[in-house]
Amino acid sequence: MRIGAHFHVENPLDEAIACGADAAQFFLGDPQGWKGPVIPGGDPSAIRDAFAAADVDIYIHAPYVINVATANNRIRIPSRKLLDQQLKAAASVGAKGLIVHGGHVTAGTSAEAGLENWRKAVERIERPVPMLIENTAGGDGAMARSLDAIGRLWDAVADAAGDDGEDVGFCLDTCHANSAGIDLADVVDRVKAITGRIDLVHCNNSRDEFGSGRDRHANITTGTIDPALLLGVVRAAGAPAICETPDENGSLAADISWLKQNLPG
């Protein structure tokens with residue numbers, strides 16, 4: 001089982017090796033900006049070869065600003081463009097997948113409008129690497145917060161993907177699910193009943209209580225979620241796990257080590 005973390009550094013490979021990670025997730029540029037992808041060091045093939053030589057898998061997280069569901073043209077159209085660029089850049093560095101949030105619609109806009117915008121995005125954007133849609137923690141107009149919402153979104157994107165459906169996957173975030181009021185005890189079974197797959201787990205504890213709607217990650221053994229529940233999710237998912245937890249005084253490396261000690265190899 002591949003266990004890794006999200007690294008916010010110029011050279012994520014060095015950090016991954018130092019933490020004993022089998023996988024590294026990172027951004028290609030500013031996560032809050034609209035500029036196109038930035039390849040660390042400027043040479044995608046060098047990154048691909050270095051990670052392969054170290055046996056560390058790459059996952060790229062798309063910028064948070066991307067929202068292909070919105071009815072606002074000034075956000076939706078640039079979101080599609082940036083998502084397309086990010087997918088191509090992720091492929092160039094040999095990533096296993098690109099994680100993107102489900103997005104949201106604003107008050108007064110129907111969920112169906114957001115679903116239609118997702119359909120159009122999936123139909124129009126090539127996916128040289130799997131695009132992994134991530135569940136979110138809060139927001140009344142969120143497209144991937146509740147299980148019902150995830151089901152509607154999945155139906156829309158799977159229909160749009162057609163025969164290329166293998167290029168659309170799912171990333172399950174444990175903190176987000178807990179904050180959205182989804183019981184982690186059976187979340188894997190319930191998500192797989194909808195999607196048929198979980199491609200990646202964001203294994204995060206939470207600083208907030210169940211159903212809070214808040215997205216504040218905590219280290220594996222220090223949050224409000226029973227760590228045994230987190231282990232159960234990763235085991236049941238049978239997918240690689242990425243910790244997006246705080247890195248204070250070696251706490252991120254400790255999370256990776258703890259998961260490796262408590263999960264099968």
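**A closed barrel and its packed helices**

Leaving aside neighbours within four places in sequence, Ala-177 is in contact with Asn-135, Leu-172, Ile-182 and Leu-184. The model described here is predicted. Ala-177 lies in helix H6, which covers residues 174-179. Its relative accessibility is 0%. Buried means under 20%, so Ala-177 counts as buried. Leu-147 is 30 residues from Ala-177 along the chain. The C-alpha atoms of Ala-177 and Leu-147 are separated by 9.1 Å.

The sheet comes next. Eight strands close into a barrel. Their order is E1-E2-E3-E4-E5-E6-E7-E10, and the pairing is parallel. On average, neighbouring strands of this sheet are turned by 30 degrees against each other, direction ignored. Strands of a sheet pair through backbone hydrogen bonds, either parallel or antiparallel. Strand E1 (residues 3-6) runs parallel to strand E10 (residues 241-243), and three bridges join them. Ile-3 has Ala-241 in E10 as its bridge partner.

Two helices that pack on the sheet can be described here. Helix H4 (residues 111-124) touches strand E4 (97-101), strand E5 (131-134) and strand E6 (168-173). The direction of H4 makes about 165 degrees with that of E5. Helix H9 (residues 251-262) also packs on the sheet, where it touches E1 and E10. The direction of H9 makes about 160 degrees with that of E1.

The pairing can be followed from E2 to E4. Strand E2 (residues 23-26) pairs with E3 in the parallel sense over four bridges. Phe-26 stands opposite Ile-60 in E3. Strand E3 (residues 57-61) in turn runs parallel to E4, joined by three bridges. Here Ile-60 stands opposite Leu-98 in E4.

Five of the five residues of E3 are buried, so E3 is largely enclosed by the rest of the structure. Both faces of E3 are covered. Asp-57, Tyr-59 and His-61 are buried on one side, and Ile-58 and Ile-60 on the other. In E4, five of the five residues are buried, so this strand too is largely enclosed by the rest of the structure.

Leu-200 gives a view from another strand. This residue lies in strand E7 (residues 200-202). Its relative accessible area is 0%, so Leu-200 is buried. Not counting residues up to four places away in sequence, Leu-200 touches Gln-25, Tyr-59, Ile-99, Leu-132, Phe-170, Cys-171, Leu-172, Ala-239, Pro-240 and Ile-242. Ala-21 is 179 residues from Leu-200 along the chain. The C-alpha atoms of Leu-200 and Ala-21 are separated by 15 Å.

Thr-136 lies in the loop between E5 and H5. At 12% relative accessibility, which is under the 20% limit, Thr-136 counts as buried. Residues up to four places away in sequence aside, Thr-136 touches His-101, Gly-102, Ala-142, Ala-144, Arg-145, His-176 and Ala-180.

Contacts between helices complete the description. The axes of helix H5 (residues 147-161) and helix H7 (residues 187-195) come within 9 Å. They cross at roughly 25 degrees. Angles under 35 degrees count as roughly parallel, so H5 is roughly parallel to H7. The crossing is right-handed. From H5, Leu-147, Ile-150, Gly-151 and Trp-154 meet Arg-190, Val-191, Ile-194 and Thr-195 in H7. By class, this contact of H5 with H7 has five nonpolar, two polar and one charged residues.

Helix H8 (residues 227-237) packs with H9 at an angle of about 65 degrees. The axes of H8 and H9 are 11 Å apart. That angle makes H8 roughly perpendicular to H9. H8 passes H9 in a right-handed crossing. H8 contributes Pro-227, Leu-231 and Arg-235 to the contact, and H9 contributes Trp-258, Leu-259 and Asn-262. By class, the contact of H8 with H9 has four nonpolar, one polar and one charged residues.

Methods: Residues are numbered from 1 along each chain as its sequence is written. This is a predicted model: local features need pLDDT of at least 70, side-chain atom pairs count only at pLDDT 80 or more; totals for chains, interfaces and linings use all residues. Side-chain values use heavy atoms; hydrogens and water are left out. Axes are lines fitted to C-alpha atoms, for helices over the stretch in contact, and angles run from 0 to 180 degrees between N-to-C directions. Angles under 35 degrees count as roughly parallel, over 145 as roughly antiparallel, 65 to 115 as roughly perpendicular and the rest as oblique. A crossing is left-handed if the near helix is turned anticlockwise from the far one by less than a right angle, and right-handed if clockwise. Contact means heavy atoms within 4.5 Å. Ala, Val, Leu, Ile, Met, Phe, Trp, Tyr, Cys and Pro count as nonpolar, Asp, Glu, Lys and Arg as charged, and the others, Gly among them, as polar. Two strands pair if DSSP finds at least two bridges between them. Buried means under 20% relative accessible area, exposed over 50%, partly exposed in between (1.4 Å probe, protein chains only).
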